[in-house]
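Open your viewer and get ready to click. Each stop tells you what to select and what you will find there.

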Amino acid sequence: MSAMMDEATASHNATAAAPGGGAGTGLAGMLPEVQTLELLVAVSIFVAIHSLRQRRTQGLPSWPLVGMLPSLLLGLRGDMYEWITGVLKSRGGTFRFRGPWLTNLQCVVTADPRNLEHLLKTRFGSFPKGPYFRDTVRDLLGDGIFGADDDVWRRQRKAASLEFHSAEFRALTASSLVELVHRRLLPVLAGAESTGEAIDLQDVLLRLTFDNVCMIAFGVDPGCLSPGLPEIPFARAFEDATEATIVRFVTPTAVWRAMRALGVGHERVLRRSLAGVDAFAYDVIRKRKEELEAEATAAAGRRSDLLTVFTKMRDEDGRPAYSDKFLRDICVNFILAGRDTSSVALAWFFWLLGKNPAVEAKILEEIDGIVAARKATAGEVEEELVFQPEEVKRMEYLHAALSEALRLYPSVPVDHKEVVEDEVFPDGTVLKKGTKVIYAMYAMGRMESIWGEDCREYKPERWLRDGRFMSESAYKFTAFNGGPRLCLGKDFAYYQMKFAAASILHRYRVDVVEGHPVAPKMALTMYMKHGLKVTLTRRDKTKL
């Protein structure tokens, strides 16, 4: 009996103790998990604090694995160019961007004029466009001058330079501009003024320069600025191709190459648009060759466009110097370079005038003085006033106003180089072989260290000395590049802008539609994201 009671008691005690013993075992089992969680939280906080502290020394937080990519993505959501400007100012003009591991998003970004002179002139041979840039734009630009290096670039540059300075080429550019402005641009503006409807001035100006540069490059008129402003397939395809190409620069190379192979996303758009560009270009090349071979028309012998000049070139054996593919690349490159510089600059120029009426008044005063001088010598001015080249040259204040617009809103806001051997910038930045270098022209126009405390103000007077225009160093004002790659079409671009601007301002007051949003678009050139909606008001007709 006693034994049975002892057994029952032991059994009871064991049963009673069981729950307590189970709880102890469970808590002990959870301790490693709690400690692991605490460790992960502690490490995460440490990494976050360490990464954020690097903002002081590197300009941006740098995270494990992804580097500075989160900051870049945040910058892309807003005004990318202002974001870059802010970082550069905080870092004294140069900073090193660190992208995700094992990607090509690693580069040095600079807005220091000393560094620009070093890479654009002093050590020009050490800073080519580089394989990264060429591979990224090759589908659109091929081996054309915009992305070429070494002998390929030098051959094109030499041939194009000779042509740009020929009397025949200058006559072609001047006559085609007069025809386009007075037979197309002004009638389109007159139609908009008569109805009172708002028009997208950026679109109109892009059509003007696209027609103009196609006539210069291909010797054909696509008719973008025809009545009704029709959509031209080649122009649409060219625009879509440039937009799709710029996306590659913010996409890891492995990703966009995979997308290209699969034919998806922006790469599908690029493939389709390139088919349109190529169809137009090769058709023009074929017809031009047939025309030149047959000498069927007198016009064939008088043509001075770039396609004709390059098609006529022969090598040492008397064979054509360039293939059809190379001719296509040459012309497409010059269209890209010549279309946007003037039109985009003019769009920002007219927007700035709307915010600075005193500048517009001074431009009008200068134009009126030139018209009055013609009346004094000729006795009267023809009804359809066409400014002469020597009159355009005398428009000093207008030249300064356009340069100031380009300083604040350069048509190419950033450009790219790649160093081929170890280098050190004048500011002390160390560059290892293969480093990509981005120079930010947009940011340069907003650096107090370069342009003074009033750098964000629109002041054409900063370009004038005793009423005469005075240019700045190409490494301080880099809208037309500098060194051996200085833009061949710089003089023509200024003439084109001055002629078009004076012709418009002499006849119309241009008012930006109230409330119209104006912001830059991320592209190869600084388009306005939403265009430039304006209304036109005819000036006093007694002045015309």
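In which loop is the place of Asp 466? Select Asp 466: its place is in the loop between strand S8 (464-465) and S9. Helices (H or I, at least four residues) and strands (E, at least two) are DSSP runs, numbered from the N terminus.

Before going on, note that this is a predicted model, where local features need pLDDT of at least 70, side-chain atom pairs count only at pLDDT 80 or more, and totals for chains, interfaces and linings use all residues. Residues are numbered from 1 along each chain as its sequence is written, and side-chain values use heavy atoms, with hydrogens and water left out.

**Stop 1**

Most residues other than glycine have a negative phi. Asp 466 counts as exposed, at 83% relative accessibility. The cut-offs are these: buried means under 20% relative accessible area, exposed over 50%, and partly exposed in between (1.4 Å probe, protein chains only).

Now select Asn 481. Asn 481 also has a positive phi, about 65°, and is not a glycine. Look for Asn 481 in the loop between S9 and H20. Asn 481 counts as buried, at 16% relative accessibility.

**Stop 2: the largest pocket**

Rolling a probe the size of a water molecule over the atoms shows where empty space is left. The search runs on a 1 Å grid over the protein atoms alone: a cavity is a set of points where a 1.4 Å probe fits but cannot get out, a pocket is an open set with protein on both sides within 12 Å along at least five of seven lines, and lining residues have an atom within 4 Å of a point. Grid points are joined across faces, edges and corners, and a volume is the space filled by probe spheres set on the points.

The largest pocket has a volume of about 740 Å³. Select Arg 170, Asp 491, Phe 492, Tyr 494 and Tyr 495, the closest to its centre of the 24 lining residues. Which helix gives the largest share of the lining? H20 does, with 6 residues. Other elements that supply at least two residues include helix H7 (167-195) and helix H17 (396-408). The lining divides into 13 nonpolar, 4 polar and 7 charged residues. Here Ala, Val, Leu, Ile, Met, Phe, Trp, Tyr, Cys and Pro count as nonpolar, Asp, Glu, Lys and Arg as charged, and the others, Gly among them, as polar.

**Stop 3: Leu 186**

Select Leu 186 in helix H7. Leu 186 counts as buried, at 7% relative accessibility. Leu 186 and Ser 503 are 317 residues apart along the chain, and their C-alpha atoms are separated by 8.2 Å. Leaving aside neighbours within four places in sequence, Leu 186 is in contact (heavy atoms within 4.5 Å) with Val 181, Glu 384, Ser 503, Arg 507 and Tyr 508.

**Stop 4: the second largest pocket**

The second largest pocket has a volume of about 460 Å³. Pick Asp 203, Leu 206, Arg 236, Glu 239 and Arg 339, the closest to its centre of the 20 lining residues. Helix H8 (201-217) and helix H9 (233-247) each supply at least two lining residues. H8 gives the largest share, 5 residues. This lining holds 8 nonpolar, 2 polar and 10 charged residues.

**Stop 5**

Select H9. Its buried residues include Phe 234, Phe 238 and Ile 246. H8 and H14 are among the elements that cover the buried residues of H9.

Next, show Phe 218 and Phe 234. Their ring centres are 6.4 Å apart and their planes are at 75°, so the pair is edge-to-face. Rings of Phe, Tyr and Trp (its six-membered ring) pair if their centres lie within 6.5 Å; planes under 30 degrees apart count as stacked, over 60 as edge-to-face and the rest as tilted. Phe 218 lies in the loop between H8 and H9, 16 residues from Phe 234. Phe 218 is buried, at 0% relative accessible area, and Phe 234 is buried too, at 4%.

**Last stop: helix H14**

Select residues 324-355, helix H14. Of its 32 residues, 26 are buried, so H14 is largely enclosed by the rest of the structure.

Technical notes:
Expected span 1.5 Å × (residues − 1).
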